[in-house]
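Biologist: Could you take me through the charged side-chain pairs here, and say what you count as one?

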Amino acid sequence: MSEFQFTIMGKPVAWQRTGMNSAGKGPAIIYTKAKSRAYQSLIREAAQKFWMDGPREVPFALDVALCVKRPKNHFTKKGLKADAPIRCMRKPDLDNIAKQIGDALNGVVWHDDSQVIELCSRRLWAEADSLSVVIQVLS
């Protein structure tokens, strides 16, 4: 069983619904929005630093931690407010973050994200925005 992990600093970008261009009389063209494509590239680049085996035809487990920076209004000069929320319920949606990772790593880690048979995801308050990913090969 092997495992690797990576972290991307900065505000994560969730998968966005695909766009459709039906200009003209020809068939509609379906495309991935530019913001999603750019973030998928970041995910691929981060993963390729640690995964050099190419895509494998095995089951995988995916663990995702979406870290969200607490807003300033959660703090006083003395520290965290007593009534500041414990749980983070802000955008982006966790399921769309997981989809973004799955799609980004098609052809890099796995052939198809259907090979991810275990998924654990959570959104946490943190000092800085980031996305941490742990991928495990299951045997």
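This is a predicted model: local features need pLDDT of at least 70, side-chain atom pairs count only at pLDDT 80 or more; totals for chains, interfaces and linings use all residues.

Modeller: A salt bridge here is a side-chain nitrogen of Lys or Arg within 4 Å of a carboxyl oxygen of Asp or Glu.

Biologist: Where do K99 and D103 sit relative to one another?

Modeller: Both belong to helix α2, which covers residues 94-104, and because K99 and D103 are four residues apart there, about one helical turn separates them.

Biologist: OK, how many salt bridges turn up in the whole structure?

Modeller: A search of the whole structure gives four. Among them is the one between the side chains of D93 and K91, with an N to O distance of 3.6 Å.

Biologist: What about accessibility for D93 and K91?

Modeller: D93 is partly exposed, with a relative accessible area of 31%, whereas K91 reaches 64% and counts as exposed.

Biologist: Switching to R56, which residue does its side chain meet?

Modeller: The side chain of R56 meets that of D53 in a salt bridge, at 3.9 Å from N to O. The cut-off is 4 Å, so this pair is counted. R56 is partly exposed, its relative accessible area being 28%, while D53 counts as exposed at 52%.

Definitions and conventions
Residues are numbered from 1 along each chain as its sequence is written. Side-chain values use heavy atoms; hydrogens and water are left out. Buried means under 20% relative accessible area, exposed over 50%, partly exposed in between (1.4 Å probe, protein chains only). Helices (H or I, at least four residues) and strands (E, at least two) are DSSP runs, numbered from the N terminus.
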